[in-house]
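Hi,

Here is the model I promised to pass on. Have a look at it first, and my notes follow below.

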Amino acid sequence: MNAMGVALSVMVAGYAAGACLAALAPSPRAARLITALGALVGGSGGLAAAIIVFATRSPYDVAFPNLVAAAGGVVLRLDLLGALFLALVAAISLPAAVYGITYTAAYEGRRSLRVFGLMFNGFLLGMCLVPCAGNVFTFLLAWEFMAVTSYFLVMTESDHPETRHAGLWYAAMTHFGFVLLVPMFLLMAPGADQTSFADLRAGAALLPAAVRSGVFVLALVAFGSKAGIVPLHVWLPRAHPAAPAHVSALMSGVMIKLGVYGLLRVAVDFLGTGPAWWGGLVLLAGSLSALGGVLYALAENDLKRLLAYSSVENIGIIFLGIGAGLVLESYGLHALALVGFGAALLHSVNHACFKALLFLATGNVDHQAHTRNMEQMGGLIKRMPQTATLFLIGSAAAAALPPLNGFASEWMVFQALLSGAQIPRPEVAIGTPLAVGVLALTSGLAAACFVKAFGISFLAMPRSEGAAHATESHWSTRAVMGVLAAGCVLLGLAAPRALGGLSRVLVSLSPGKSIAPAQTRAGVWLLSPHGIAQVSPLLIAALLTSVIVVVAAVMRVRGLELRHADTWGCGRIRQTPRMEYTSSAFAEPLRRIFSELYRPAEDLSVSVHAESPYFVRSITYTSQVVPWIETAFYDPVIRGTRALATHVRRLQAGSVHVYLLYITGALVVALAAAWWFE
Amino acid sequence: MRLFSKIWRIGIATEPLLAGDPAAIDIGRALERRVTRLFGRALAIRLVDAGSCNGCELEIAGLASPIYDMERFGLHFVASPRHADLLLATGPVTRNMEIPLRRTYDAMPSPKCVVAIGDCAKTCGVFAGSYAVVGPVDSVIPVDASVAGCPPEPSDILRGILQALDRRPSRSHVHAVRG
Amino acid sequence: MSRFLALVVQTLVAVALAPALTGFIRWLKARLQGRRGAPPWQPYFEIRKLFGKEAVVSHTASWIFTATPFVVFSTAVVVASLVPLVVVPSGPFVAGDLFAAVYLLLLGTFFLALAGLDTGSPFGGMGASREMTVVALTEPTVALSIVALALNAGSTSFSQIVAHTLAEPSAALGSEHLLAFAALFIVTLAETGRLPVDNPSTHLELTMIHEAMVLEYSGPYLALVEWGAALKLLIFLALAANLFVPWGIALSFSPVALLIGLVSLIVKLAVLSAAVAVLETRVAKLRLFRVPELLSASFVLALLAVMSTFLAR
């Protein structure tokens, strides 16, 4: 077996062994260690396989036609696009696995760590196999495997009612996507036994335009619901907070990127070029997700839900890049389209890095301060200094601040959107500034959101007992977060090199069409296509550092007298945590400005003394933001489904004789259909 | 537009501090030299009303008006004591304002100085001996100059600020906090 | 080499000039109010005085509080090195374009907002919340108003935009230029904390936006923060001047060209800051929840500017 075969076998074997051995582990502690070990081995194998594909620049095929031959057998094909996503899954799974060793210790005695280890390794195996899949059956198998194992992982803390609720939503939405995937694939297959991806590619070229558009819409909806675009995102803010921290990191960091992978695979690889409205639809979905995600993140007090909504926002940004690419592609501007896809891929990688970091840090805070509610936190920067600094790096990256990685990929998305000005049709090109405005507004709001997330949670004074007694977590958790933070910084400073690596993936997406335009120079500058705009995160970081060093040196030489005192509070007697700004208060101006979107349900109740209504005993004000998409869209759907199910239930007469009648009837219909279509 | 034609018509309303009372002439020139030497040519002032009747506040507000225009000497009011160099205290220090006055003084970064404005700040004025009053300002915080009057004229207030800056030790000496 | 030297000197000149700009606006406002006012170089004395005072740091604050003045100042200096002032930064070693400048300023604001929250004072939190709201709402307008020019010039690099406007003087009076300039001017007032969005000389904490975040700073830290804010004002006014009215900017490194560039920069800055001073005298501060109306009006102006670039094709 060659190196690729070895790597893939190590990957599968590592995860499988991790799963089985964890399920049979003698003690919870052993289960934790075996889980992590299996995940590390499997992840290393996957990473090695991806690196080999990148190094040799040639795809790798292996087929097991005798495995489930009726469905087409198991075919693995790892090309450059798949290798990128496999590398992403594997790379993020390594720190998450190590983190889980100490994090899941809190579940000992309450939950079965054996089952958790089984599901965790299964989840990672499923996620690694999705980009490796080479035919429909393998893809769907891996997809469903990933969905089922992640459901069990989400339900880890099923003693909370909202976790059970979250699991239900998650299972429903993910199977909704699955149900749409099957017809999407089968529409592209040229023949009943030709279901490998190569066949789908060939078949898609022969489809009539209407069917191609149908396939595209199905792909957008199915993969979009996995990625979490508005309005199919409703499972994300429920499932990600409910799951354990490192599972949330994996789900938010890599699982939703597999939705991006699926869309790129179908829309760009299989279908190739399409009409402009495809890209327009993706741009619309991206804009709604970006704005909706960040606006709802601002209204959140639960730190994990805030991060989940921020993932929706970043998926929106990725879809903006993909949409720009698709639109430019449809007008024949292939080179510029590759800029859009490249920006989307770069942002996928960057987001995985900083979002995983943020979720892991939140897990630390959750376990130490025993709360996820930002209104109960505060002062953690003094009690958990390293976690705070790492969370700050993640927040700065999420807010797209130079010189970190979020800035580099957002810059590229801006350039991709601006390339839309070159579209020959002015009525289409006029969407360019709107998209740029949406992205600029999103990043401004994201900065506000992460000032709130970091500032309220970590700064000033503790607002509860839990936060006041928090301590730093185990060194292994901080070490892996440090690795992720270093990744954020390196991906930012070396963004041109990262983009250069991605360009090989992009070229493979459009064989023979054109070369990607020069997007980097000397590994130091990011370039805009055909323009002279350039940015160098490395230079910016160097300039910032040198100015800070010079100023600090001057101040040191002059001498700085420093005195510590209480915060100036207008001379009032005491300063307590009640004086601090709260999370709701921070977001209040934006909540008022966007009140039409939020439509908060407000309740004001005043209780007065029995003797006189002029003496107020207490005033209670409640304001709750319920995403109106759920009341406007999902509630009617759920009610309708329930009504339909109630009607259908009449078929369940309860009598065996009726059921036998149903079976006979179905058999007759099937035989008649088979004879008819023969 | 009517606003700008009015501005044009009225022009600069600032009265030279030197005109009128010879003592006033003394203030103008002297203040510029003092401010120059000590705080460069910039001084930030924080006003604390420690229970005054607001008569002194009205006169102090006149300092910022176009007639007296303290900004031409580099003086300006600030909101936070952290930004301030000079503390202007008015009023007999009432019991409720004793701690806030002290905290305001402590919050100021050194070098700093204090000027007490008005009879109440100097000697508790008409409120001396009241149950609600702690004592004059210099019983709570160290005072560098006092300006008597009920209320004192803005030009006298400026002269008082001058005296305070005269008595200041050199820049590097840190004030001991009393109380 | 001369290019690099010119850039360094230009940045230092900007850093040196920034307090004078704020002082000039204050002096002009004083004159319009019928007072003599402090001389335009008063802020230099204030900075010198502040460097001589001690710094008081709250017990509640963390390292973020003491690091923020350096971040604010350095981001402003780095952005000053990216924007066209006397010469246009061009060539292969330019570190950033429009978006880099915008996001660097956002970095400074991010840390300033965190410093406001760090002290645990409600005023700091209020200032941070309001400042992030205003900044979030001005982001699209800043991007779009300069994109309106960038679309015509074909690039978001400042050197390209300036070169394009110089090459087509007639475009400078076009509708997209005027609309984009109006939008950028309103955004300048919002981002730098000037009336009608924020009163820089208010003493009422509940009306403050930018000032509320810096209430806890003292001594050299305060000096750095104020200097950074003044530099931000200079950057925005210089952008408004040199992108829309670039004539006079030095296109070569000869001493004559540089001198003309410096003089024209000072003249343009004086004109724009006089406009700011006159505007501040005329208007009253907007209620906080009327500010989004103003900012959406500026966004519409920027959008119209961009639309007209497409219609002009």
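Let me start with a helix crossing: H13(A) passes H15(A) in a left-handed crossing (left-handed if the near helix is turned anticlockwise from the far one by less than a right angle, right-handed if clockwise). Before going further, please keep in mind that this is a predicted model, where local features need pLDDT of at least 70, side-chain atom pairs count only at pLDDT 80 or more, and totals for chains, interfaces and linings use all residues. Residues are numbered from 1 along each chain as its sequence is written, while chains are lettered from A and ligands numbered from 1 in the order in which they are written.

**Helix packing in chain A**

Helices here (H or I, at least four residues) and strands (E, at least two) are DSSP runs, numbered from the N terminus. H15(A) covers residues 385-398, and its axis comes within 9 Å of that of H13(A), with a crossing of roughly 145°. Axes are lines fitted to C-alpha atoms, for helices over the stretch in contact, and angles run from 0 to 180 degrees between N-to-C directions. On the H13(A) side the contact includes A:Phe354, A:Leu357 and A:Asn364, and on the H15(A) side A:Leu390, A:Phe391 and A:Gly394 are among the residues. Contact means that the C-beta atoms of two residues, placed from the backbone, lie within 7 Å. By class, this contact has nine nonpolar, three polar and no charged residues. For the classes, Ala, Val, Leu, Ile, Met, Phe, Trp, Tyr, Cys and Pro count as nonpolar, Asp, Glu, Lys and Arg as charged, and the others, Gly among them, as polar.

H13(A) (residues 334-369) also packs against H20(A) (residues 475-493), at an angle of about 150° and with the axes 9 Å apart. These two helices are therefore roughly antiparallel (over 145 degrees; under 35 is roughly parallel, 65 to 115 roughly perpendicular and the rest oblique). Their crossing is left-handed. Among the residues that meet are A:Val349, A:Cys353 and A:Leu360 from H13(A), and A:Val480, A:Met481 and A:Cys488 from H20(A). The contact of H13(A) with H20(A) has 13 nonpolar, four polar and no charged residues.

**The rest of chain A**

Chain A has 26 helices and eight strands. Its C-alpha atoms fill a box of roughly 90 × 70 × 60 Å along the principal axes. The radius of gyration of chain A is 26 Å, which agrees with the value near 26 Å for a compact globule of 678 residues. That radius is taken over C-alpha atoms, and the globule rule is 2.2 Å times the number of residues to the power 0.38.

There is also an open sheet of three strands in chain A, in the order S3-S4-S5 and with antiparallel pairing. Two strands pair if DSSP finds at least two bridges between them. S3 (520-521) and S5 of chain A are the edge strands, each pairing on one side only. Two bridges join S3(A) to S4(A) (residues 525-527), and A:Thr520 has A:Leu526 as its bridge partner. Helix H21(A) (residues 495-509) lies across S3 and S4 of chain A, at about 50° to S4(A).

**Where the chains meet**

How many residues does each chain bring to the contact of chain A with chain C? Chain A gives 68 residues and chain C gives 67. H18(A) supplies the largest share of the chain A side, 14 residues. That side divides into 49 nonpolar, 12 polar and seven charged residues. Four bridges also join S6(A) to S1(C) (residues 55-58), and these strands run parallel; the partner of A:Leu562 is C:Ala55.

The contact of chain A with chain B takes four residues from chain A and nine residues from chain B.

**Chains B and C**

Chain B has an open sheet of five strands in the order S2-S1-S3-S5-S7, with parallel pairing. S2 (75-77) and S7 (145-147) of chain B stand at the edges with a single partner strand each, so one side of each is left without a neighbour in the sheet. Neighbouring strands are turned by 30° against each other on average, direction ignored. Five bridges join S3(B) (residues 86-90) to S5(B) (residues 113-117).

Chain C has 11 helices and one strand, and its C-alpha trace spans about 55 × 45 × 40 Å along the principal axes.

Cheers
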